[in-house]
Amino acid sequence: MQNLGSYLEQVHKQSPLVHNITNYVTVHDVANAIIASGASPVMTDGAIEDVKAMAAIASGLNVNIGTPTNDYEEVCLKAVEAQAQGSNIIVLDPVGAGATEYRTNLCKSILDTHKVSLIKGNLSEIKALFTDEAQTKGVDADIADKATEDNLDSLIEQMQMWAAQYELIIVATGEIDIVLDPFRAFAVYNGSPMMSEITGSGCMLSGVLTAYVAANPKDQLSAALAALCAFGIAGERAEQLTLERGHGNATFSNYLIDELYLMDAERLDENADYEQR
Amino acid sequence: MQNLGSYLEQVHKQSPLVHNITNYVTVHDVANAIIASGASPVMTDGAIEDVKAMAAIASGLNVNIGTPTNDYEEVCLKAVEAQAQGSNIIVLDPVGAGATEYRTNLCKSILDTHKVSLIKGNLSEIKALFTDEAQTKGVDADIADKATEDNLDSLIEQMQMWAAQYELIIVATGEIDIVLDPFRAFAVYNGSPMMSEITGSGCMLSGVLTAYVAANPKDQLSAALAALCAFGIAGERAEQLTLERGHGNATFSNYLIDELYLMDAERLDENADYEQR
Amino acid sequence: MQNLGSYLEQVHKQSPLVHNITNYVTVHDVANAIIASGASPVMTDGAIEDVKAMAAIASGLNVNIGTPTNDYEEVCLKAVEAQAQGSNIIVLDPVGAGATEYRTNLCKSILDTHKVSLIKGNLSEIKALFTDEAQTKGVDADIADKATEDNLDSLIEQMQMWAAQYELIIVATGEIDIVLDPFRAFAVYNGSPMMSEITGSGCMLSGVLTAYVAANPKDQLSAALAALCAFGIAGERAEQLTLERGHGNATFSNYLIDELYLMDAERLDENADYEQR
């Protein structure tokens, strides 16, 4: 693995076009977070012809099911299909899987019919896709679904089986973030508790992950690790500024994007806090 | 009535799940304002199965018709129906009622078929729902529709009749805010003129009202009064910071949410400025 | 031509109602930028009856095709038709024209059937509407499509032919902005490179242009020039504050709106940097 900063530099150098099918709650922040990471976002999900044409020319596709419509299954599947014939970088953010059957089934239908590159969710959402047990509170993880030093290795073992079965990367977010493929696994300790006090941290992260993986298609796991550390470091810095200046969650949300924008390879390498498990 | 701060504390303690059917203009701020108040937002309105499932598990439903679609009547009615079988906390924000017949009729259709807990609008919107006279300028109140010390008591008398007829709470916003049910009425003097120089103050307030009422179902009027004062105090503090630092309306909008996030029971009780009428 | 500040003052004096059919990515900023300019925004595009009724009472219509739906052609055409029977101020922002056929054809269909007052796009988008050659990267201009001092006069000549053919104003944005009708042309040098590092600068500008033109229907070209200078000056000031304070692109985005809000006639006249060509 190269130093993490080199993956960031590839994003800035190539500025990949990231097509986002995403929810209307956090879409603005997703766009600015992708720009802040050095890539170029485009959003389209309403007109099927436009969706297919855009997915075909994009370097990566980020599918986030946060505010689905009746047409979503068709839209998502067609976009995934169009992108698969291109650079074939497909990220799935199963927002609220486990909270409603509709969401769980929509994600399973994508997973069962197409090759996805990476899934990013909280532990409840990840579980909901691969087991029949999970429960999600709206779009937040169930309080029981939490990675700790005690259960980390068994969680990783379990998730690597799923990753092998579906040949993909899994990013499970929480106080400790996990990123793994069937062969390697990392725990990431960067991040801030304020990230769960805004809407959109998870959605922004998925956009940033897509940008990093699209710019580094030959080493996707390392690129995802770099994205996760970059995002966590931005959160730490944003939290510090927010507290120092007496701001609240809305300003934190802006600072988080600001700090992605201000991030460079050196800062990423110096502050990345992860370990291979 | 308990002190207002205790209603805020209930929101933080219970963190109710608030399902929002809301417009795509201000949805991001609504989500962050709900989080800032201590509750947990979820937004979904496009896929009817998902809408029904989410409304059924939510502690409260906030219906804001700001950017309606052709399916909105069905979506809103199904969501209201699903929520009514659960905790039955339903807030209606009739954005732009009076400006177009479509909006007026959509709201009347909800009101006529289901029990709504609380309606929040400017005076033009409120009038449009209960009379055939009102006119609304886009989504802003007509200039003639203004509560003053002179007409306050007669406005309250009129609105209490409507509140009795539909068995609900009415919140009418303006320079003086009014909150009432058929039995009690309060005038709230907290707030800032900058709140009408951003998009979304009204929408955020509806989300915050839903959170407070959902967390305090047994004393909904007092909870609504607490929400209104908390929101107004946040506006006053945000205005002061904005002016001191030479910012404009976009930064004010973020500070408004920040100040909701920073609010606690003590600050709310010390700064609440209202009187029973 | 009057001094540019007088056009700004008309916006504040009349506070025209601007109906926006716009994308869900940047809609919040568009609303706040229109308010910051002194006008009153309303957004609606989903329910056809509501769209027609709102367009009919608005002082201007801003059609931005950034996130189209399958119904968009009908929605846009009906809105344009309704507005044409009123004040007939119609601005078209052909976001991503040239990137997909769907978008190019949608814009051409509006242009071919209705009188549009003003088109605002980057050079790639403008070319895509009037020639069969252009290519757009997602929603960003192709790198080859760039106005410089060397090609400025020939670009103007070409665009004035299109402006004459369709009887409209063209605003082409880039490092140098161009605004012209068949008879007069201006190059605008205000602006900041950070404007291309956020989502929504172009969308906000279209909203602001609509507000200025709607408030100054008898001298639309000068009004558009004033809007373009005001927006560029706001960008310059926002950039300076952002760099001084060590912020990134998200805070810049808010400062840009703040500076529109803080703009007055005097500041606009003192800092406008343009020349007639």
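Predicted model: local features only at pLDDT ≥ 70, side-chain atom pairs only at ≥ 80, totals over all residues.
Me: Which element gives the most to the side of chain B that touches chain C?

Reply: Here 28 residues of chain B are in contact with 26 residues of chain C. Two elements of chain B give two or more residues to its side, α5 (101-113) and α10 (249-262). By class, that side has nine nonpolar, 14 polar and five charged residues. With five residues, the element that gives the most is α10(B).

Me: What relation superposes chain B on chain C?

Reply: The superposition takes a rotation of 120° with 0.0 Å of shift along its axis, and the RMSD is 0.0 Å. That is the relation of a three-fold axis.

Me: Which residue of chain B comes closest to the rotation axis?

Reply: The distance is taken at the C-alpha atom, and the value for the closest residue is 3.6 Å. That residue is B:Tyr24.

Me: Why is chain A said to be as compact as a globular protein of its length?

Reply: Chain A has 11 helices and 11 strands. For 277 residues the globule rule gives 19 Å, and chain A is close to that, so it is as compact as a globular protein of that length, with a radius of gyration of 17 Å.

Me: What share of the residues of chain A count as buried?

Reply: A residue is buried if 20 or more other C-beta atoms lie within 10 Å of its own. Applied to the 277 residues of chain A, this gives 64%.

Me: Which residues of the largest nonpolar core touch the most other members?

Reply: In soluble globular proteins, nonpolar side chains tend to be buried together. Leaving aside neighbours within four places in sequence, A:Ala224 is in contact with residues including A:Leu118, A:Ile169 and A:Tyr212. The largest core has 314 residues, and those touching the most other members are A:Tyr212, A:Ala224, B:Tyr212, B:Ala224, C:Tyr212 and C:Ala224.

How values were computed:
Residues numbered from 1 in each chain as written. Chains lettered and ligands numbered in written order. Helix = DSSP H or I, 4+ residues; strand = E, 2+ residues; numbered from the N terminus. Rg over C-alpha atoms; globule rule 2.2 N^0.38 Å. Buried ≥ 20, exposed ≤ 12 C-beta atoms within 10 Å, placed from the backbone. Core = buried A, V, L, I, M, F, W, Y, C linked by C-beta atoms within 7 Å. Contact = placed C-beta atoms within 7 Å. Nonpolar A, V, L, I, M, F, W, Y, C, P; charged D, E, K, R; others polar. Least-squares fit on C-alpha atoms with pLDDT ≥ 70 in both.
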